[in-house]
Amino acid sequence: MAAGVAAWLPFARAAAIGWMPVANCPMPIAPSDKSRRQDELIVLNVSGRRFQTWRTTLDRYPDTLLGSSEKEFFYNEETKEYFFDRDPDVFRSILNFYRTGKLHYPRYECISAYDEELAFFGIIPEIIGDCCYEEYKDRKRENAERLMDDNDQENGKEGNLPNLNFRETMWRAFENPHTSTMALVFYYVTGFFIAISVITNVVETVPCGIHLNQKDLPCGERYSVAFFCLDTACVMIFTVEYLLRLFAAPSRYRFIRSVMSIIDVVAIMPYYIGLVMTNNEDVSGAFVTLRVFRVFRIFKFSRHSQGLRILGYTLKSCASELGFLLFSLTMAIIIFATVMYYAEKGSSASKFTSIPASFWYTIVTMTTLGYGDMVPKTIAGKIFGSICSLSGVLVIALPVPVIVSNFSRIYHQNQRADKRRAQKVQKARLARIRVAKAGSSNAFLRSKRNGLLNEALELTGSGEEDQHLSKSTSVIESQHHHLLHCLEKTTNHEFVDEQVFEHNCLESGMKNYTSRSPSLDSSHGLTGTCCSRRSKKTTHLPNSSVPATRLRSMQELSAIHIQCGEQQALSTSRSSLNVQSDEALRLNCQSSQITTAIISIPTPPTASPEGSLPQPSSPSQPSAGVNIVKVSAL
Amino acid sequence: MSGCTRRCKMGIVKFARSIHRLVTGTLNKDKPEDELEMTVVCHRPEGLEQLEAQTNFTKRELQILYRGFKNECPSGLVNEETFKQIYAQFFPHGDASTYAHYLFNAFDSGQNGSVKFEDFVMALSILLRGSIREKLRWTFNLYDLNKDGYINKEEMTDIVRAIYDMMGKYTYPVLKDEAPRQHVDAFFQKMDKNKDGVVTLDEFIVSCQEDDNIMQSLQLFENVI
């Protein structure tokens with residue numbers, strides 16, 4: 001329960017008087033607050049700086065150090081104050097959390113110091129307010145990366161881990177060339193051959209100076225054999241490298257899908273396709289275009305250059321700005337091309353023969369290139385042409401600084417943290433907060449179980465369980481649970497968990513099918529509404545007259561699951577918000593021990609509108625005085 | 001025809017003005033003032049002594065109440081949305097908004113859409129420190145949705161349905177659609193003495209005083225503050 005509204009709990013409880021005339025059963029007894037202190041000021045002395053606040057302010061969050069009885073360990077009898085030997089500056093934000101319900105992260109504070117203080121005072125960082133959470137997460141990520149870098153460097157300086165197999169060593173060598181000399185050699189050799197290949201492609205087309213048919217022959221055709229050998233050598237090296245990487249990759253499927261491997265494949269494919277294809281006239285045209293793809297080998301340099309990778313990543317992350325740029329340019333081009341075409345339509349020998357032809361003029365003008373191959377001749381055309389070039393400057397100048405600033409931010413940020421990783425963290429954060437919040441609704445069911453476990457044990461006379469279990473909830477929690485209990489009594493229904501609810505649906509389906517007991521009435525509507533698809537499962541049950549007692553016992557056994565084995569979970573005084581996530585998950589998805597504590601409601605059947613309550617199973621139950629409730633627990 | 005001319009002239013004047021603004025490059029000064037809505041309305045309650053006289057609380061209790069109130073609503077007024085949110089925090093299983101709406105109407109004695117601290121404290125005074133008759137009258141007022149002095153079956157069904165909504169979906173036994181109606185029928189059986197289909201205030205008070213359970217439960221929350 002959000003403790004900020006704990007102040008309104010008295011109001012909610014008072015408003016519960018509105019249910020009383022509607023209810024038919026007696027209400028449970030209110031928890032008495034025997035140790036009711038008047039609201040007092042308490043003094044918190046943090047390394048000499050004194051903070052004062054009301055006791056009820058601190059009681060708002062009973063899962064933290066200051067809200068629970070743990071602070072009594074720090075109580076100083078002589079000075080009648082609580083002394084903490086911690087940082088008073090950070091304590092300011094922690095105390096403000098109690099006052100306002102929002103935890104803020106001060107930007108000037110060091111992230112690890114802040115984390116330590118939060119851990120000391122028992123506050124989970126996930127509840128930092130949205131205003132400061134981004135900053136907090138960024139700083140934490142940077143810190144974690146810095147620690148990782150330090151660790152990596154340390155590891156790098158040590159010897160290689162001995163238990164990497166050959167494949168893993170190779171992969172490491174490929175990814176981090178400076179780990180071993182062989183890797184470095186391989187790195188430089190491939191880089192050299194990429195450069196050779198690119199230069200070859202370029203030089204191939206340079207005219208070599210032999211006049212043949214009054215036309216300069218490109219070098220590629222003059223020394224075709226030499227160039228072919230060079231090309232073959234490069235492609236062989238690239239192929240070997242690709243195959244080695246493929247072999248060494250820990251996840252081959254992911255490797256194949258990665259961008260770098262696609263570039264590799266595109267770089268070497270044209271050669272092989274060229275080998276396979278015959279010297280047919282038709283396909284040689286296509287073959288020539290395939291050679292264009294050889295230029296993609298230059299992208300292989302991005303493995304060797306971090307800056308190139310950053311550039312690629314920037315362009316990817318600025319996709320929306322680039323898209324906007326493109327879109328606005330297209331709009332402007334179409335508008336101005338139309339205008340120019342119609343403006344120039346009148347003039348003779350105009351180059352603006354059609355609107356698509358004017359596109360070229362518009363693009364050249366808007367990007368302020370101005371080739372001069374198309375110029376307007378009419379006055380109207382010149383006016384619109386000048387407007388076109390002015391607006392071109394504006395349209396292009398607007399998104400470019402965004403792209404530039406993006407690039408510089410990423411470049412300065414060591415770009416290792418992906419957006420993808422941030423999304424995962426966001427999901428984890430939301431999941432953790434959700435789990436903590438769900439803890440509050442489960443807290444009621446849990447405490448109901450606790451209370452009834454105690455009562456059952458008292459009934460059966462075994463007092464071996466710790467009696468302090470009943471005191472583990474705070475005053476506010478017990479009052480809140482009493483309120484929910486009153487609501488249950490008013491409506492004659494109980495809160496249950498989702499799993500038990502579906503289980504009950506199944507049970508009622510079985511009930512409906514097999515029993516003709518008059519006490520189980522009005523269930524035909526049930527299967528129709530809730531679990532109609534589940535009732536199909538019950539068709540295999542024999543349609544004999546199952547005795548009502550056996551049915552009842554099945555129902556009771558299935559409806560009651562009490563955890564006896566989680567003493568440590570019950571005895572923790574810190575529940576709900578600050579339960580560690582795995583613990584909370586464990587509590588929520590439990591499925592272990594089943595014991596029977598069969599207790600039923602001795603309600604007069606006339607008063608209750610729901611006639612499907614089971615009759616008391618054991619007639620030897622003490623009547624009257626004992627207020628015992630049927631439990632449908634986790 | 002004159003209206004048309006006038007409109008044309010106004011349009012031309014506006015156009016000329018906007019061209020002028022474009023040329024001189026001055027920013028539009030009207031906009032910020034338009035957007036500044038008066039959202040900040042603050043309300044301060046009357047003095048502590050006055051409230052102490054009007055209610056059954058002591059000064060200390062009023063202080064504690066006001067501190068909690070002011071913490072949640074610094075502006076001094078609770079509107080219905082905030083009220084619903086606050087009330088819903090206590091009932092995470094189901095949907096408390098309908099019942100909170102009825103509660104809000106019962107608290108908002110002035111029917112002006114917001115609850116001030118005085119309304120809040122007067123209602124609490126009745127509920128926690130009032131006589132049985134006052135409590136029952138407040139409850140009758142809560143049930144009487146259209147404030148006409150009679151509770152009929154539809155109003156009662158709405159209220160009971162709102163209460164059942166707060167339970168949520170996962171209940172034992174499973175919540176059926178007829179449950180609220182059956183509950184209301186039982187209620188009317190008990191309360192409607194002359195069987196005329198409506199419950200008046202006197203019938204309500206008399207019937208409640210006859211029922212021991214209700215009498216007992218009304219005393220339940222006396223030590224809330």
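Predicted model: local features only at pLDDT ≥ 70, side-chain atom pairs only at ≥ 80, totals over all residues.
Residues are numbered from 1 along each chain as its sequence is written, chains are lettered from A and ligands numbered from 1 in the order in which they are written, and side-chain values use heavy atoms, with hydrogens and water left out.

The secondary structure of chain B comprises 12 helices and five strands, taken as DSSP runs numbered from the N terminus (helices H or I, at least four residues; strands E, at least two). Of its 225 residues, 39% are buried, where buried means under 20% relative accessible area, exposed over 50%, and partly exposed in between (1.4 Å probe, protein chains only). Of the contacts in chain B (heavy atoms within 4.5 Å) between residues at least 6 apart in sequence, 58% join residues at least 24 apart.

Within helix α5 of chain B (residues 80-88), the residues B:Phe83, B:Ile86 and B:Tyr87 are buried. They lie on the same side of α5(B), because they cover an arc of only 95 degrees around the axis, the arc being that of the directions from the helix axis to the C-beta atoms. An α-helix has 3.6 residues a turn, so residues three or four places apart point the same way. The cover over the buried residues of α5(B) includes α1 (9-15) of chain A, as well as α4 (59-72), β1 (77-79) and α6 (97-107) of chain B.

In chain A, A:Arg294 is found in the loop between α12 and α13 (306-317) and is buried, with a relative accessible area of 7%. Its side chain makes polar contacts with the side chains of A:Glu204, at 2.8 Å, and of A:Asn201, at 3.3 Å; a polar contact is a pair of N or O atoms within 3.5 Å, of which, within protein, one must be able to donate a hydrogen and the other to accept it, and residues adjacent in sequence count only if both atoms are side-chain atoms. When residues up to four places away in sequence are not counted, A:Arg294 touches A:Asn201, A:Glu204, A:Asp231 and A:Pro270. By contrast, A:Val292, in helix α12 (residues 281-292), is exposed, with a relative accessible area of 54%.
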